[in-house]
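Subject: Structure for your review

Dear colleague,

Please find the structure for your review directly below.

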Amino acid sequence: MGLGDAVDGRVFHVKLPGHDAMARRVDEHLVPTRIMLPRRVVGRPLRQVAKRLLMALIVLAATVLIVWVDRSGYHDNADESVDLLDAVYYSTVTLSTTGYGDITPYSDTARLINVVLVTPLRVLFLIILVGTTLEVLTERTREDFRLNRWRTNLRDHTVVVGFGTKGRSAIQTLCATGLKKEQIVIVDPASKVIEAANAEGYVGVVGDATRSEVLLRAELQKARQIIIATQRDDTAVLVALTARQLNRGAKIVAAVREEENAPLLRQSGADAVITSASAAGRLLGLSVLSPSAGTVMEDLIQQGSGLDLVERPVIKAEVGKSVRETEDLVVSVLRGHRLLGYDDPAASPLQLTDRLITIVRVSETPPLNTPRQQGV
């Protein structure tokens with residue numbers, strides 16, 4: 001799809017911003033696709049190798065010391081005596097299991113020490129070296145196992161396309177309502193962005209979200225909700241089209257910069273469209289007219305502190321009552337596909353199938369998936 005896009009027989013023209021940071025940073029169509037799971041906290045690879053090398057040198061030094069102290073019990077086929085260099089040489093070939101046989105323990109004490117001390121040190125030395133090799137070889141197997149287990153257990157999760165300012169803010173709001181980090185998958189074309197997401201505990205998919213195979217790697221077909229927070233409006237449209245093709249039942253919420261692109265995004269399959277530039281401008285204007293009102297609005301859209309907006313179903317005790325008779329402060333009533341204001345005569349009496357948009361204090365906000373907030 002180009003700048004002029006046809007959806008359901010209607011032609012829309014997407015207005016593009018003049019500059020786009022993400023477009024300058026990375027070419028989305030050239031980015032290889034891969035899934036990046038949050039890594040366990042481990043030491044740096046070079047530090048781990050240096051640590052194991054130091055352990056191996058300590059084992060070698062201990063073996064040299066043992067042989068040197070009991071050098072009179074060893075026999076050198078070359079010159080009959082064992083000096084410090086011979087002790088180092090014997091320890092090296094012994095720990096590496098080479099064993100040329102030119103220096104051998106012949107006294108009972110030397111042989112007993114070899115059995116009791118040198119042999120365990122040899123085994124420890126091999127474990128250190130072989131363990132390092134096995135760790136490198138099994139890293140890919142471990143990662144594949146974690147990836148398969150993640151795919152198997154992932155259900156009804158949230159896919160967030162774009163981990164910029166909008167995407168991060170959306171995730172913070174979801175987490176404030178009780179959503180676990182394990183239930184969030186981030187898709188972004190920049191590997192450094194996904195690495196940053198991994199560092200915060202999120203699973204990330206590196207790739208172009210307008211491509212079906214990338215969204216399938218994020219298990220989008222099993223997702224419950226999708227957040228599109230890309231930097232470009234045309235990219236958001238393509239992502240919405242692709243996502244709706246893969247998942248007909250998921251709730252799709254998207255952000256656009258230009259308000260005139262919102263209808264196209266809705267036609268592409270988005271259930272809700274937020275115009276980021278206009279929303280910020282309205283909040284600025286409201287703050288100028290009434291700073292207190294602006295503060296209240298900012299508090300309402302910031303989950304987890306002060307007042308929160310909550311969507312919940314009508315409980316049986318509220319059926320048949322008017323909006324003003326409920327315990328919570330009701331702002332709107334969602335009846336089917338109609339959103340009724342609290343002062344709309346049609347909003348009362350309340351029906352069992354209605355959903356209420358209410359304002360509650362954070363201390364009163366029920367956890368996610370409780371009867372009051374089920375389905376949000």
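In the protein chain, residues 24 or more positions apart account for 65% of the contacts with a separation of 6 or more, where contact means heavy atoms within 4.5 Å. Please note that this is a predicted model, in which local features need pLDDT of at least 70 and side-chain atom pairs count only at pLDDT 80 or more, while totals for chains, interfaces and linings use all residues. Residues are numbered from 1 along each chain as its sequence is written, and side-chain values use heavy atoms, with hydrogens and water left out.

The protein chain contains 11 helices and 15 strands; these are DSSP runs numbered from the N terminus (helices: H or I, at least four residues; strands: E, at least two). Of its 376 residues, 39% count as buried, that is, under 20% relative accessible area with a 1.4 Å probe, protein chains only.

One residue was examined individually. Leucine 246 belongs to helix H8, which covers residues 233-246. Its relative accessible area is 24%, so leucine 246 is partly exposed (between buried and exposed, the latter being over 50%). Beyond its neighbours within four places in sequence, leucine 246 is in contact with Ser212, Leu215, Leu216, Leu220 and Gln221. Its C-alpha atom is separated by 10.0 Å from that of alanine 223, 23 residues apart along the chain.

Finally, an unreviewed UniProt entry lists residues 49-69 and 112-137 under "transmembrane region"; such annotations may be inferred rather than shown by experiment, and the positions are given in the numbering used here, with feature names shortened. In the model, the span of residues 49-69 is 100% helix and 0% strand, with its end C-alpha atoms 30 Å apart.

Yours sincerely
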